[in-house]
Amino acid sequence: MEFFSGGRRGGGGGGGLLPSTTATKMKAIRKPSTSSSRRRGRIRDLLPPTSSFFTIGLVISLLFFLIVILIFGVPTPLSSSHSKQRVPRRTVPRRPLPSSEGSAEGGLRAIAELISSPASVDITTKDLYDRIEFSDLDGGAWKQGWKVTYQGHEWDDEKLKVFVVPHSHNDPGWKLTVEEYYNRQSRYILDTIVESLTKDSRRKFIWEEMSYLERWWREASSDKKENFIKLVKNGQLEIVGGGWVMNDEANSHYFAIIEQTMSVFNEGMRPLRNDPISMVGHVGALKLGLGRKPVREQLHAKKTITEGNMWLNDTIGVIPRNSWAIDPFGYSATMPYLLQRMGFRNMLIQRTHYELKKELALHRNLEYIWRQSWDKEETTDIFVHMMPFYSYDIPHTCGPEPAICCQFDFARMRGFSYEACPWRIDPVETNANNVQERAMKLLDQYRKKSTLYRTNTLLVPLGDDFRYISIDEAEAQFRNYQMLFDYINSNPSLNAEVMFGTLEDYFKTLREEAERKNFSQPGEVGSAELGGFPSLSGDFFTYADRNLDYWSGYYVSRPFFKAVDRVLEQTLRASEILAALVLGYCQKLHCAKLPISFAHKLTAARRNLALFQHHDGVTGTAKDHVVIDYGTRMHTSLQDLQFFMSRAVEVLLGDLHDKADPTLLSHFEPVKSRSKFNVLPVHKVLDLKEGDTHSVVLYNPLEQTRDEIVMVVVSQPDVSVTHSNGSCLESQVSPNWMHGTSDSSSMQHRLYWRASVAAMGLETYYVARGSRTCGKAVPSVLKVFSDAQFSCPSPYVCSDITTDEVQIHNLLYTLTFDVKKGLLQKITHKNGKQTNVGEEINMYSSSGSGAYLFKPIGEAKPIIKEGGKFMILEGPLVQEALSIPKTEWKNTPIFHSTRIYSVENTVQELVIEKEYHVELLGNEYNERELIVRFKTDIENKRVFYTDLNGFQMSRRETYQKIPLQGNYYPMPSLAFMQDPSGHRFSVHSKQSLGAASLEEGWLEIMLDRRLAHDDGRGLGQGVMDNHPTDILFHILTESNVSALPAKHALLTLQPSVLSHRVGAHLNYPMHAFVSNNNHKRKSNLLRQTSFAPLSSSLPCDLHIVNFKVPQPLKFAQAGPLTARFVIYLQWRGWDSSFCKRGGLPCSTVMEEPVNLFYVFKDLSALNVKATTLNLLHDDPETMEYIEQLGDAAQEGNVLIQPMEIQAYKLDLQPQT
């Protein structure tokens, strides 16, 4: 079986194992001009030495294919829940990319125009916030709306078509672990679905959570599997979303969301050791792959159910076009972009601010086209249905009056375990005596609900959390509703047709109606995607469900595990890139066994990362024991990945010391590791005795060469550092005090030096003690303020700080601190300009806050008092200010460091590093929420910008009409403020947190929260399982170099090129590996000391989101027409009013176009083909957003627009 559908591959040649370490002089990311190079990349690779036999075979195959087509016709693929003709999408001509010919500056101006002005839409969420009063009026029966009425003639011309959609929301972890939920509920729900739907073809159901479906499939009988597939094929059962989890949209990074589409690659369904529920992530598709065998025979074919493309793709048989996201706590604009680029056409969402719902419903705008704010050409448009009421349960889905709707939740009748209706009128069995009255009451609700929408096609969900757990429950719902449907449908005078349906049924019928009738309102921009509906841009944060209760607490709940999530994410990305590089350069040798043998654990790591993206995982809103389960799974995968990376480093550097088994214990181990799931990582201490030398290998996972200060911990300070080429390097040592102490009795030392590592490459350095040729590391000079006795450690020189202010500086910055409080006051730039920072560390007291809600009592109050301990550590490479502040508590809840680096012409030199160590560990911190606040002199008018999923920025504005907590927003990785003169203050974060700008010039970020009480949203507990947490920020100050438009304060501004690079360096750090004790005395363990796989660095605004082999187990057996590798590229949109390179020596995409044929050194890229982000669609219709992609990919050219992510399938073969 091929790796991907439709792949085309030429032959490959032999060649050397590894690329040379000498940097090429050719600009290899550009296409060479010689015809021989062109032939090498195309003609010769298509016709290998055995071309005669190949050509004969190819001709015979083509003739056979034509005969089959003539006899049987062209097969029709399944592309949705059941086979239906797709309504063609009306297309908009695509504006060509700015030409790279001629003036690069002209191209840059064109890019600026593409992303600096907003797309034309009918509605923005900013407009909604400006317009709404947020008065929280009581609407009566529909408390958050109004009394809904209708005339009765609305359906005279076209009857009301109602699709009642049964569903069951199965959280993969919340109050119970995913395993507990499966064993107690989800397995029985899936059994019930299959049995109930098989009884009556009129019954329908939708299913979303793939994590449970995969587990059920491994245990289900052949009959159940066969029936399940039949239900999917005939349209009774639809897989919606296809996500392994229904991911959170505030905290999740876009890498993790995309990765979920791939998480069922590799082994698919082979059970993992100690992993009864395989953790896989968001899958965008299902495709029937039954082959020619009967279903029952195929299901018994393998214990490992499948090793094909995606398990769902090969097993069930549909590609979902419809997303179902009823429970995330607010919605990001990133999700519709990613879904649209995966081939989805329709979305359903639920949890948006109730005042926004009301405003949209008043104008019948609850269904709209969601467009990205930068998209002027409608290529990102996707249709959205927003549910109008409070919840997705049955009382809040049939119509505006929950007391009536609850009477039609037949699982609340006596005999079932669900709670009775709170309105004290319970459902009753439908019979011949009451069917008329019951049907008319239900139809009245349907009619009222339909008046909130434009069409006469209505969607009514029918379900709740973990519903349909038994046959009796399912029968009660289906039996009663079918009797009500039959009555309504048998009375033509009612002008209504009601039936069970799926999302596909609903959206298909709605689209057909919208094609027949014009529902557009006067002056609407609309969309070519689907006429008759308004276009909208923006996101839906912060969510409020009732009584002005804002769900901004979960942005910060359990920050320790939010940090672990990002560490797992970047470690997984680094591992997948290393695995692809090993297979690319070692594909015909035994060393390729390493990633192949590790495929199961790579799959497990994807699954564990994907599981935590669940909207009760990364949000920090699960029970304590469920959080432990999530954390343990992530910790296990981190350990596995670090072992793999240690071994891959040796393979890529040519250390093939054990040709029989490349998976044996590595000679290297990671410099940082964790002993348990709930502790911070610690550095391995290099314990060097006289004459010892340790090898330290650095891996750079980014696409540009990296030049920065690195650090390891050593036991003795008298050490030196040597490059692998033998040159001596300047180094520095500083005390490595444990958190919150300055005890010198067991002193360790931080060793710093400047390292340079090629893009996606490896470099070796040596740390030695007793070197005769290189000088020892320079000890830092310590300056100390302390209200307690301080003992100066050896060999450092210490002095007292006697002034109220003290400074540290490098060539660009001078930082001034308040000595007695240890807080950063201002930044002085080398040109003399000053930026006031006014750092504060404050706490909110709260009443009613919980895992979800933030409900502060008044303003945050400062907690830092004069006193404590404050130290300056000065050296040639690193300057650091360390503060252990005095607070009202004996054990201070926070201490922090500020660092600047002296490393010229690098990203690192341009940032100010802030690290906060937080410990809210005692009950004295109950009902407290800790923040850091920067009170700058930026005149931002309380407007600031936060990122959405690390992918794009969103403009935020503080509104007086909204409570403080409603003005908090998610900050997954970046927040910045800017004034009219172009001065910008940015804070990059290594993990997701929450941020606000409550007053002009203020930017505050919440660090942790400890809450003893539940907030009434179902969890049933507070958040008391705090762990010591390190939170790392990179602060960047910039000034623009060109004029801003007058309306800049109304625009969504983008990061600068420099800011993008700062974020990449923070979130994708270098990985360090050190020789272990068994080999520490060998100074040269490796045949090579460096590895540089790329021909040269990529442009600094082009990011390799991932580079991977989706199916390592199929790698060696892949056919000659198979593309085995995948690369994801993102052209980061950037603010052109700032220096285009950020003062760094790098190019941009417009200046240096990229050709995939020539990106990799000593490897030929073949069969390059653009595909959707879930790798399931290569057809032009789905990928029409760039019509030229196909032709460009055949030439190897990367054709991509600013802000876009593009995936390519390709094969790599060693050059001859």
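Between which strand and which helix is the place of Leu 1053?

1. Leu 1053 sits in the loop between strand 44 (1029-1039) and helix 22. Helices (H or I, at least four residues) and strands (E, at least two) are DSSP runs, numbered from the N terminus. This is a predicted model, in which local features need pLDDT of at least 70 and side-chain atom pairs count only at pLDDT 80 or more, while totals for chains, interfaces and linings use all residues. Residues are numbered from 1 along each chain as its sequence is written, and side-chain values use heavy atoms, with hydrogens and water left out.

2. Leu 1053 is buried, at a relative accessible area of 7%; buried means under 20% relative accessible area, exposed over 50%, partly exposed in between (1.4 Å probe, protein chains only). Its C-alpha is 7.4 Å from that of Arg 955, although Leu 1053 and Arg 955 are 98 residues apart in sequence.

3. Twelve cavities of 30 Å³ or more turn up in a search of the whole structure. On a 1 Å grid over the protein atoms alone, a cavity is a set of points where a 1.4 Å probe fits but cannot get out, and lining residues have an atom within 4 Å of a point. Grid points are joined across faces, edges and corners, and a volume is the space filled by probe spheres set on the points.

4. The largest cavity holds about 310 Å³ of space. Its lining has 23 residues, and those closest to its centre are Gly 950, Phe 951, Ser 973, His 1060 and Arg 1132. Strand 38 (952-957) and helix 22 (1057-1067) are the elements that give two or more residues to this lining; helix 22 has the largest share, with five residues.

5. Five disulfides are found in the whole structure, a disulfide being a pair of cysteine sulfur atoms within 2.5 Å. One of them joins Cys 398 to Cys 405, S to S 2.0 Å, and is left-handed with -90 degrees about the S-S bond. Cys 398 and Cys 405 are buried.

6. Cys 1100 and Cys 1146 are joined by a disulfide with S to S 2.5 Å. This link is right-handed, with 65 degrees about the S-S bond. Cys 1100 lies in the loop between strand 46 (1090-1091) and strand 47 (1102-1108), and Cys 1146 in the loop between strand 48 (1125-1131) and strand 49 (1163-1171), so the pair ties together parts that are 46 residues apart in sequence. Both cysteines, Cys 1100 and Cys 1146, are buried.

Note on methods
On a 1 Å grid over the protein atoms alone, a cavity is a set of points where a 1.4 Å probe fits but cannot get out, and a pocket is an open set with protein on both sides within 12 Å along at least five of seven lines; lining residues have an atom within 4 Å of a point.
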